[in-house]
Amino acid sequence: MEQTDTTDIADFTKQRTELEGISKWMFEIASVFFVCFYIYSAGFGSAAEQYHLGLYLLLTFVLIGFLYKFRQGSPSKRPSIIDILLAGLSVISIGYWIVEYPNIANRAGAYTFLDIVMAAIGVIISLEMGRRTVGWGLPIIATIGILYALFGRYMPNAISHQGFSIRRIIEHCFFAQDGVFGIMASVMATYVILFIFFGAFLEKSGVGQFFINLPMSLTGRSIGGTAKVSVVTSGFFGSVAGSAIANTVTTGAFTIPLMKRTGFRSHIAGAVEASASVGGQFLPPVMGAGAFLIAERTGVSYSKIALISIVPAVLYFLSVWVMVHYEAKKQGLEPIPAEEIPKLSTLLKTDWYYLLPLITLITALMLGYSAYKSAFYSILVTIVVSYFRPETRLTPKRIWEAMVNGCKNSLVIGGAVGTIGVIVAVIDLTSLGTIFPELVVSIAGNNKAIAILFLAAASLVLGMGIPVTAAYLITSQIAVPILRGPEMGVPIVAAHLIIFWLSQDSNITPPVALGAYAGAAIARADPWKTGWACFKFAKLLYIMPLLFAYTHILFLSGTLLQQVMSVVTALVGTIIFSIVTMGFFVRKTRWYESILLAAAAFLAYTHNVWAFIIGMALFVVVFVVQKRTAV
């Protein structure tokens, strides 16, 4: 089988330092302390807020200063003087916030000169950490936001405001509840990093290979079986991985070469893996960081958000599944050779216990335990399960490696936390969160579809080159009020899920499609072609938000009959929509057949009984015509 070196593919846009000697040991010791502190907090109770949030940002920034280069020419084996200086300033600024936390809270609005100096250092460091880990996109947006806050009175009337002094902007960005230590930092420190650590322990324990073997035994014998293995594997792993890019490079290292070997073109193989990996962001129990953020911002329980997300997530994977099925039929590809497919009965008999960590997580959540407590128990079960076989045992050395890897994986999104806080603080300070909705409503009126179209475009632009969690948080700050307004009337959870789904397009839509480019790197394919193919396979990203707004698919409203009807029509519409997208049914579809199938999909999605019947009739007509004229 073709081997692919995935080293640093997940960080193909970044520059890491390959630490050696004392620098490496210092980094690893700090990483292990970081992981142990937050695992202990999950199991036995969090420390006071200033330590819980402060240590998270302090350690994250210091570790990024060591691991990520200041520039391409920086030393490759150790941190540079600038890196050490940056780490030291992080300790001073954030350490000051930790130590002075009670006093800062007491003198809110009357900050001292030293407070402002420390805040200015913290804001600048936050922007630099964002640049190092996720590129220039996020810091540029934050800088534009700061300039907008500073020169608001000179802006066009539609978006103008009184303007604020640089001192006011700095103190709001660093000290306000929506700033650097705001909701993003809180959710990351409390929930997300626990699941990133959980994923690192899973990978070291051998569970990851089981998540590949199980889908192969289920789907390998069907048409396009290797691609379907990718879809199911990405669902299993992505449901707990929390990152589409991490999902792509972890499972893609196996599935992409396998797809290529069975006949899939390189860019298609990379696109299938990337688009399937995006689905892991929607699939409970973890859903990336999205479910935690939505729960935090809506006041709705995490378990309810995860529960109502199951049907949409399944439909997304169904869509990708149907597309790869017809892609394989169109290319005349063969299934995986039978001798390479593990038997399901044997696999379940010998490796069933690998499901225990995931079962523990789901069971704990269903029993009402908090997400971080559930992750804590799942990590403990993972360690126990690893000892069932000598070759997978999480020995002290391997636990150390898992903790270091987990810490490294957390730094990518962790580096963006402070910058996101700056952007959210600026939106709050300037009231852009109310100005922008007024503009969109004035254009869209009460038409939810037009509003969602505008928001999709805004999400794509804001999300270019930044993590999807960041894109969601920034976009939702200005978009949710639009959907929640009296003109639209979308329920609050549905509004957040609409933005959360739309925010994923930065992973799969050119020109900046990080997930697709990760898949292209493994497939050794043209990134541009891979990006557009990924956009095709992941098109349901743009359909599902409309269903959230117009139907009862989230079970938030309507009668039981209306909810069931919403699921049935969405199921049928998704299948037809996926067939239309691929341009192949019984045979290659002709232009007029594509029009009829597109009409059938639209009518099925409209959530009307008579429209659904007409749509099904059109679908049957096309099927009969193709069946009779197939060669």
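This is a tour of selected residues in a predicted model, stop by stop.

Numbering starts from 1 along each chain as its sequence is written. Local features need pLDDT of at least 70 and side-chain atom pairs count only at pLDDT 80 or more, while totals for chains, interfaces and linings use all residues, and side-chain values use heavy atoms, with hydrogens and water left out.

**Stop 1: the surface of α1**

Select Ile-22, Trp-25, Met-26 and Ile-29. Together they form a nonpolar surface patch with about 460 Å² of accessible area. Patch members have over 30% relative accessible area and no salt bridge; like charges are joined within 9 Å, and nonpolar side chains (Val, Leu, Ile, Met, Phe, Trp, Tyr) within 5 Å. The areas come from the Shrake-Rupley method with a 1.4 Å probe, and for residues only the protein chains shown count as cover. Trp-25 belongs to helix α1, residues 21–44. Helices here are DSSP runs (H or I, at least four residues), as strands are (E, at least two), numbered from the N terminus.

**Stop 2: Lys-77 and Glu-20**

Next, select Lys-77 and Glu-20. The two form a salt bridge, with 3.6 Å between the closest N and O atoms. Lys-77 sits in the loop between α2 and α3 (81–99) and Glu-20 in the segment before α1, so the pair ties together parts that are 57 residues apart in sequence. A salt bridge is a side-chain nitrogen of Lys or Arg within 4 Å of a carboxyl oxygen of Asp or Glu. Lys-77 is partly exposed at 41% relative accessible area, and Glu-20 is partly exposed at 46%. On this scale buried means under 20% relative accessible area, exposed over 50%, and partly exposed in between (1.4 Å probe, protein chains only).

**Stop 3: Glu-49**

Move to Glu-49, in helix α2 (residues 49–67). Glu-49 is partly exposed, with a relative accessible area of 44%. Not counting residues up to four places away in sequence, Glu-49 touches Gly-54, Trp-97 and Tyr-101; contact means heavy atoms within 4.5 Å. Show the side chains of Glu-49 and Tyr-101: a polar contact of 2.6 Å joins them. A polar contact is a pair of N or O atoms within 3.5 Å; within protein, one must be able to donate a hydrogen and the other to accept it, and residues adjacent in sequence count only if both atoms are side-chain atoms.

**Stop 4: other salt bridges**

The count of salt bridges comes to 13. Select Asp-83, Glu-128, Arg-131 and Arg-132 to see a network of them.

Then go to Glu-171 and Arg-168, whose closest N and O atoms are 3.7 Å apart in a salt bridge. Both residues lie in helix α7 (residues 166–175), 3 residues apart, about one turn of the helix. Glu-171 counts as buried at 11% relative accessibility, whereas Arg-168 is partly exposed at 33%.

In the pair Glu-593 and Arg-587, the side chains meet in a salt bridge of 2.7 Å, N to O. Glu-593 is buried at 2% relative accessibility, and Arg-587 is buried at 10%.

**Stop 5: Asp-351**

Select Asp-351, in helix α16 (residues 344–351). Asp-351 is buried, with a relative accessible area of 8%. Its side chain has a polar contact of 2.4 Å with the side chain of Arg-389 and another of 3.4 Å with that of Thr-350. Leaving aside neighbours within four places in sequence, Asp-351 is in contact with Phe-210 and Arg-389.

**Stop 6: cysteines**

How many disulfides does a search of the whole structure find? The search finds 0, a disulfide being a pair of cysteine sulfur atoms within 2.5 Å. Show Cys-407 with Cys-36: the sulfur of Cys-36 is the closest cysteine sulfur to that of Cys-407, but at 11 Å it is too far for a bond. Cys-407 is buried, with a relative accessible area of 0%. Cys-534 is also buried, at 0%.

**Stop 7: positive phi**

Finish at two loop residues. Arg-524 is not a glycine, yet has a positive phi of about 55°. Arg-524 lies in the loop between α24 (514–523) and α25 (527–537) and is exposed at 55% relative accessible area. Phe-555 has a positive phi near 60°, again in a residue other than glycine. Its loop runs between α26 (540–550) and α27 (560–582), and Phe-555 is partly exposed at 38%.
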